[in-house]
Number of protein chains: 6
Amino acid sequence: MKIKVIIPVSTNKWNESVEADYKRLKGPQTSIDIVHLKRGPEAIQSEYDEANVTPFILEEVTDALRHHVGAIIVYCFSDPALSAAREISTIPVLGIGESSQLFAMGLADRIGIIATVDQTIPKIRRKLTAKGFSSRFPSIHALNIPVLDYDQPKKVMKKALDVVSLMVNQDRIEALLLGCGSLFHMKERLEGHFSIPVVVPGEMALKHAEMLIELHLSHSKKSFMTPLPVKVH
Amino acid sequence: MKIKVIIPVSTNKWNESVEADYKRLKGPQTSIDIVHLKRGPEAIQSEYDEANVTPFILEEVTDALRHHVGAIIVYCFSDPALSAAREISTIPVLGIGESSQLFAMGLADRIGIIATVDQTIPKIRRKLTAKGFSSRFPSIHALNIPVLDYDQPKKVMKKALDVVSLMVNQDRIEALLLGCGSLFHMKERLEGHFSIPVVVPGEMALKHAEMLIELHLSHSKKSFMTPLPVKVH
Amino acid sequence: MKIKVIIPVSTNKWNESVEADYKRLKGPQTSIDIVHLKRGPEAIQSEYDEANVTPFILEEVTDALRHHVGAIIVYCFSDPALSAAREISTIPVLGIGESSQLFAMGLADRIGIIATVDQTIPKIRRKLTAKGFSSRFPSIHALNIPVLDYDQPKKVMKKALDVVSLMVNQDRIEALLLGCGSLFHMKERLEGHFSIPVVVPGEMALKHAEMLIELHLSHSKKSFMTPLPVKVH
Amino acid sequence: MKIKVIIPVSTNKWNESVEADYKRLKGPQTSIDIVHLKRGPEAIQSEYDEANVTPFILEEVTDALRHHVGAIIVYCFSDPALSAAREISTIPVLGIGESSQLFAMGLADRIGIIATVDQTIPKIRRKLTAKGFSSRFPSIHALNIPVLDYDQPKKVMKKALDVVSLMVNQDRIEALLLGCGSLFHMKERLEGHFSIPVVVPGEMALKHAEMLIELHLSHSKKSFMTPLPVKVH
Amino acid sequence: MKIKVIIPVSTNKWNESVEADYKRLKGPQTSIDIVHLKRGPEAIQSEYDEANVTPFILEEVTDALRHHVGAIIVYCFSDPALSAAREISTIPVLGIGESSQLFAMGLADRIGIIATVDQTIPKIRRKLTAKGFSSRFPSIHALNIPVLDYDQPKKVMKKALDVVSLMVNQDRIEALLLGCGSLFHMKERLEGHFSIPVVVPGEMALKHAEMLIELHLSHSKKSFMTPLPVKVH
Amino acid sequence: MKIKVIIPVSTNKWNESVEADYKRLKGPQTSIDIVHLKRGPEAIQSEYDEANVTPFILEEVTDALRHHVGAIIVYCFSDPALSAAREISTIPVLGIGESSQLFAMGLADRIGIIATVDQTIPKIRRKLTAKGFSSRFPSIHALNIPVLDYDQPKKVMKKALDVVSLMVNQDRIEALLLGCGSLFHMKERLEGHFSIPVVVPGEMALKHAEMLIELHLSHSKKSFMTPLPVKVH
């Protein structure tokens, strides 16, 4: 029961912490293979960044399919390349965004998302709307601290407390989704402070992947049809 | 990691098959405690039946809370007593309806539900709408074979093939949810016949419960607030 | 033309004022029979409370059906047991919540609801959403004064003026629904202060019941199907 | 308690039957004043027809306001001039379309509308959507017999049985709204045949008007603001 | 390629500025014929005003059809008489409201509208909802300066900066629609100040009309059916 | 006023017919520069194909920005790379899908889309939903003739007549969108046969681009924010 985790940025900066978290949480039969991209941008904030990592994600997916893994996780809250990857695959391909949105809807009625920077909000909103989920996610706010500064936890936490405070009191959210893989160290502190469930997307996707493997389930090939053969130049 | 499974009908008819299925699928650290109700109706088809099982489900939930289980599953697709049970609980209480609806939305865009009898359709539809999910579940049809006749598998399967055929071809569903705990033996045959994922609600809820226990997550106490003390006569 | 009014709490605290209001408003041919519950909680704030009153409401409904009343009103804004009661009945069963929500939509585009305590908001919101009405009710706020303290009208009114002020100015509501049977003494004062229609749910339900009796109309037995016979233990 | 009923077409063809129906149903204190228009088209099928009756409806409304009636009913399912009439009025102005749509939503989840001719369907649909009701009215079909031929009841009934049959079986409607004032003689026959509630819009509006008068309620002047003074040439 | 522009108010106050703007923007083959109404109100703020201009707009439309113009523009953001005019016409009839709403959705996800006075907001909101566009227009605010004072540009601009500031910062709009034909002089200043696209409705409608003429397209006669013949008195 | 048209497939098969169509329709001041891709797939049917053309589209967009064109059209109904292209651009970037969807909503209430193959339907539906347009596009059907066979017009037309017949009669569409750039030769025949407007997406995008250039408008940089600088490997 092997799960390949694609961290879709061209830095190994996150590999270690994701690995530690996944080792702690995975089931005994699960083996985890974490890769980052060799090429492309070091962070994904815009749809342009997303477009730029897509070919490299699909390369990693194709490689995973050759090596008979049980499931694939794309470790970015924006779920880049997710539909395309599912089209070429019959094994489960999960995005930490979609997985965590689904599970969060099982925890609360009104869910908030904190994003890293404003640049990512329109695309998160469009994806939620495309799935019909927007009524359940009435509040998305950004910390507006660039993703590569996220190793300064005090700065990030202070800003996070301010932003989430507003989301709880004004937008009346009842659970919080950490809308970037890089925010997961905040979970406990925010949970303690606001007394609402705080969801770490990557953790949801791991458990989601294990569950699908165990239940022999994968996405519908009618929703994500196998591409017709086409000449490529 | 103990999970209490409440089969909310006053017959032990389903205990054995649920137990077999759950034993096969549960994680190594999970122990399962399956109970049925001592009193109330033998089947849940209407909202009236649901009202009649509710007090006995809440008794079982209260009992489970005293015995320090890790999570509770209400094993009925209509999710009777779910919100009330969550209000009095801080541990996860899951309904096989909601859990499987969430997971199904991760497998396909357009999902169909087969129900046992027409009587159950309005309440299924109202609950999907209340959660904001109706755009993803465009097709709900009943087999209209009373739930207590479900031990005649040939009769059920023939009807099921007809009904699902219509749902796939006319309503264009891309995955199928078996909208009653009693239908789970059909999964493989329908999956083979229609080449779409067929979801057994009870299986989803089991994995969902294990996941929440492992991740130390439970429903928001802002969505399901602890009842204020009130005098009871 | 007899209407049975079920005040679904185990106190006779409200009987007198409801009776006075209904006597004043009822048509000449209408006779009113008001009952409260003998058992169960004294107030309904949570879905748990609602579950606890449901069996006793259904007993009263069954009793009413035996005594050939013309319509039944469940006098609680949460409409507990409403669908179940309709399933077992062919005469109209009305909830003061639903009746007043319907009529309020004939008075204004954007309607606000004031609730007693925050605990009741999630269930009010879920029920509005289940009926497809949420776009018309953009603002629900609680006074957060426990329902049993409602006999201190000054305290309640001061808080109400603050809360409704916010709903009118910020959420731009254009009519107000008093989201608990116990708030009806506020109608005139709030109406005068904010120049918007203020709707007393119980009054709407009375007129709604009379109208349905006169027009020989009742709820659809396709939306609220008669329960199939089932063995009960 | 005087109610003015405006039949907004330039023929007295309907006055008698509406009067008979209203006399039968009105409360003892209600007096009914039925008028038709002196000018304009003899039937309303298009939005163009609606535009052409609007000035004459507003004249009748203005006249009614001078004569201190208690409420005004515009007796046409399309509710022509309704918002404009409410703007210039503080007494209730009701349209038989809106009143019956509101009541029908209290009787069933999925409601069908039969219209006279296809020409009226787009405007009925737009008005339902504008009010946020479209999810509750999934089926609108026309008899396509011109409104002025409606005195041949056999022809109309045969067509109606065919059309409603399709709406019940295929679109799964659970109640039926007779989407033109001229169809009301069909109520009993269709109700008997299909076992679903059949709603006569005009009857709903009468009871709605009486209710609002008795409860001293009228539409919100924030939803239907009094027009600012403006120079007219 | 002649376009008739109907300014649907009984004043020639706007003719000159609309003409100047349209002359500047029109294509070389377009000729513009601008008319205002001889009768009716001098401004359109309420639905009542709208009802009062409708017959005169339809007269102008009928006149235009006799003179073989290529398209008709109704120059008012409320789009009075639009559907009726389309029913009697096979050439394009455009409203500056609808045209600009369509194009604005091609420029931004979340669009704000500034209206002249609060009186116009309910009808703008109802029309957006009727078209299914409300999720894209989350913010509508009025300047509340009567339309006939709009020649004092300083007063108007100061208020506009305040109002739009709130819309950008609190409601997070990403583009702005000037919701009255009389506001178009503000475009550049607001665009410079807030760095978002500011859309002048009349300009959109002109280009929309030219495009439809060039592409030989007009509205569907199934959405706007030709009125059936009816006797008119 | 130069418009660059990117036909995002690696074949020059469509260049000539697009050029002919655009030459015929463009304004006198417009110059058109049509390019196809040098690399990537020859057709776009799946989201996988879309992912594969995205980098090459963005290259062409970047190239266009260097050469100071006035607007860019991506000539594929799926609008591949549209958001990413807008993020890196301040000049208008239009997709023939979105442009034609906007315009079609100005022509009819209920619009149908014919697609080439079933594979493209899920992604078209998701994109419509993401924009909030799904209520206006109730019918999407595929011809299921691979895109590269589209030069056999008789075969295509016969199938199209069958499919559209069903869409008009059963789904009651009121206008038709040709959901692939390759279908545009069908416009006149289908329009004649069904008497509904038939929209050629590419033509809409051309006129849309000219309009935006003339009006000095472009997409909001708040909806499509400029990507933050990020290190790329």
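Predicted model: local features only at pLDDT ≥ 70, side-chain atom pairs only at ≥ 80, totals over all residues.
User: What makes F:K38 count as exposed?

Analyst: A residue is buried if 20 or more other C-beta atoms lie within 10 Å of its own, exposed if 12 or fewer, and partly exposed in between, with C-beta atoms placed from the backbone. F:K38 has 10 C-beta neighbours inside 10 Å, so F:K38 counts as exposed. F:K38 sits in the loop between β2 (31–36) and α2 (47–66) of chain F. Helices (H or I, at least four residues) and strands (E, at least two) are DSSP runs, numbered from the N terminus. F:P8 is 30 residues from F:K38 in sequence, and their C-alpha atoms are 9.3 Å apart in space.

User: Why is A:R172 called partly exposed?

Analyst: The count for A:R172 is 17 C-beta neighbours inside 10 Å, and therefore A:R172 is partly exposed. The residue A:R172 lies in the loop between α6 (153–169) and β7 (175–178) of chain A.

User: How do you know how chain B and chain C are related?

Analyst: Copies are superposed by least squares on the C-alpha atoms of residues with pLDDT of at least 70 in both. Chain B goes onto chain C by a rotation of 180° with 0.0 Å of shift along its axis, at RMSD 0.0 Å. The two copies are therefore related as by a two-fold rotation axis. B:A130 is the residue of chain B that comes closest to the rotation axis, at 1.9 Å (C-alpha). The same surface serves both copies, as 100% of the contact residues of chain B recur in chain C.

User: What makes up the contact of chain B with chain C?

Analyst: Two residues are in contact if their C-beta atoms, placed from the backbone, lie within 7 Å. The contact takes in 39 residues of chain B and 39 residues of chain C. On the side of chain B that touches chain C, α2 (47–66), α3 (82–87) and α5 (121–130) of chain B give two or more residues. The most, 8 residues, come from α2(B). That side of chain B has 18 nonpolar, 11 polar and 10 charged residues. Here Ala, Val, Leu, Ile, Met, Phe, Trp, Tyr, Cys and Pro count as nonpolar, Asp, Glu, Lys and Arg as charged, and the others, Gly among them, as polar.

User: How far apart are the nearest C-alpha atoms of chain B and chain E?

Analyst: They are 15 Å apart, and chain B and chain E do not touch. Chain C and chain F do not touch either, with their nearest C-alpha atoms 15 Å apart.

User: How many residues of chain D are in contact with chain E?

Analyst: 39 residues of chain D are in contact with 39 residues of chain E. On the side of chain D that touches chain E, α2(D) has the largest share, 8 residues.

User: At what angle do the axes of α5(D) and α5 of chain E cross?

Analyst: They cross at roughly 115° and come within 7 Å, where α5 of chain E is residues 121–130. Axes are lines fitted to C-alpha atoms, for helices over the stretch in contact, and angles run from 0 to 180 degrees between N-to-C directions. The contact is made by D:R126, D:T129 and D:A130 of α5(D) and by E:R126, E:T129 and E:A130 of α5(E). By class, the residues of this contact divide into 2 nonpolar, 2 polar and 2 charged.

User: Which domains are assigned in chain A?

Analyst: Domain bounds come from an automatic or database domain assignment. For chain A it gives domain 1 (2–95 + 203–214) and domain 2 (98–200). Their centres, taken over C-alpha atoms, are separated by 21 Å. The contact takes 18 residues from domain 1 of chain A and 20 residues from domain 2 of chain A.

Conventions: Residues numbered from 1 in each chain as written. Chains lettered and ligands numbered in written order.
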